[in-house]
Amino acid sequence: MRKDKRERLEAKGWKVGSVDEFLELSPEEAAYIEMKLRLSENLRLRRKRRKLSQTAFAAMIKSSQSRVAKMEGADPSVSIDLMVRSLLALGASPEDLANVISSS
């Protein structure tokens, strides 16, 4: 955000901050969410690189298309465990996973 716009908003009583501040997330919660978002994005990219539809990938991992969509959308109901197992099914190595998790 431009400095002048921020100053105008603050002068009118608005508070400008981050999503973490707005949601009152702890550093651990923010890190968990970021990690889950990176895993879900990598899952989508790997599936598309292999030219698999969500339905075909779901059959491959014995799940449903809607579950794959939720994984790719980082839905709160999807565990990181399921995302990791799905990435491994797409050929990701433990080193690949470590790189995804540690990237910023």
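These legends accompany close-up views of a predicted model. In this predicted model, local features need pLDDT of at least 70 and side-chain atom pairs count only at pLDDT 80 or more, while totals for chains, interfaces and linings use all residues. Residues are numbered from 1 along each chain as its sequence is written, and side-chain values use heavy atoms, with hydrogens and water left out.

**View 1. The largest nonpolar core.** This core has 16 residues. A nonpolar core is a set of buried Ala, Val, Leu, Ile, Met, Phe, Trp, Tyr and Cys residues joined through side-chain atoms within 4.5 Å. Buried means under 20% relative accessible area, exposed means over 50%, and partly exposed lies in between (1.4 Å probe, protein chains only). L39, L43, F57, M71 and L87 have the most contacts inside the core. At least two core residues come from each of α3 (27–49), α4 (54–60), α5 (65–72), α6 (80–89) and α7 (94–102). The largest share, four residues, is supplied by α6. Helices (H or I, at least four residues) are DSSP runs, numbered from the N terminus.

**View 2. The surroundings of M71.** M71 belongs to the group with the most contacts inside the largest nonpolar core. Contact means heavy atoms within 4.5 Å. Residues up to four places away in sequence are not counted here.

**View 3. The buried face of α6.** Which residues of α6 are buried? They are I80, L82, M83, S86 and L87. Seen down the axis of α6, these buried residues fall within an arc of 160°, so they line one face of the helix. The arc is that of the directions from the helix axis to the C-beta atoms. The cover over the buried residues of α6 includes α3, α4, α5 and α7. After α6 comes G91, with a positive phi near 100°.

**View 4. S86, a serine within α6.** S86 lies in helix α6. Is S86 buried or exposed? S86 counts as buried, at 2% relative accessibility. Its neighbours within four places in sequence are left aside in this view. Beyond them, S86 is in contact with L43, F57, I61 and M71.

**View 5. A salt-bridge network at R2, D4 and R8.** Salt bridges link R2, D4 and R8 in a network. A salt bridge is a side-chain nitrogen of Lys or Arg within 4 Å of a carboxyl oxygen of Asp or Glu. By this rule the count comes to seven salt bridges. D4 meets R2 at 3.2 Å, N to O. D4 also meets R8, at 3.6 Å, N to O. Both D4 and R8 lie in helix α1 (residues 3–11), four residues apart, about one turn of the helix. R2 is exposed, at 53% relative accessible area. D4 is partly exposed at 36%, and R8 is partly exposed at 47%.

**View 6. The E10–R6 salt bridge.** E10 forms a salt bridge with R6. The closest N and O atoms are 3.2 Å apart. E10 and R6 both lie in helix α1. Four residues separate their positions, about one turn of the helix. E10 is partly exposed, with 37% relative accessible area. R6 counts as partly exposed as well, at 36%.

**View 7. A nonpolar surface patch.** V19, F22 and L23 make a nonpolar surface patch of about 370 Å². Patches are made of residues with over 30% relative accessible area and no salt bridge; like charges are joined within 9 Å, and nonpolar side chains (Val, Leu, Ile, Met, Phe, Trp, Tyr) within 5 Å. Accessible areas come from the Shrake-Rupley method with a 1.4 Å probe; for residues, only the protein chains shown count as cover. F22 lies in helix α2 (residues 19–23). At 73% relative accessibility, F22 counts as exposed.

View 8. Most residues other than glycine have a negative phi. E24 has a positive phi, near 55°. E24 sits in the loop between α2 and α3. At 69% relative accessibility, E24 counts as exposed. K51 has a positive phi near 60°. The loop between α3 and α4 holds K51. K51 counts as exposed, at 73% relative accessibility.
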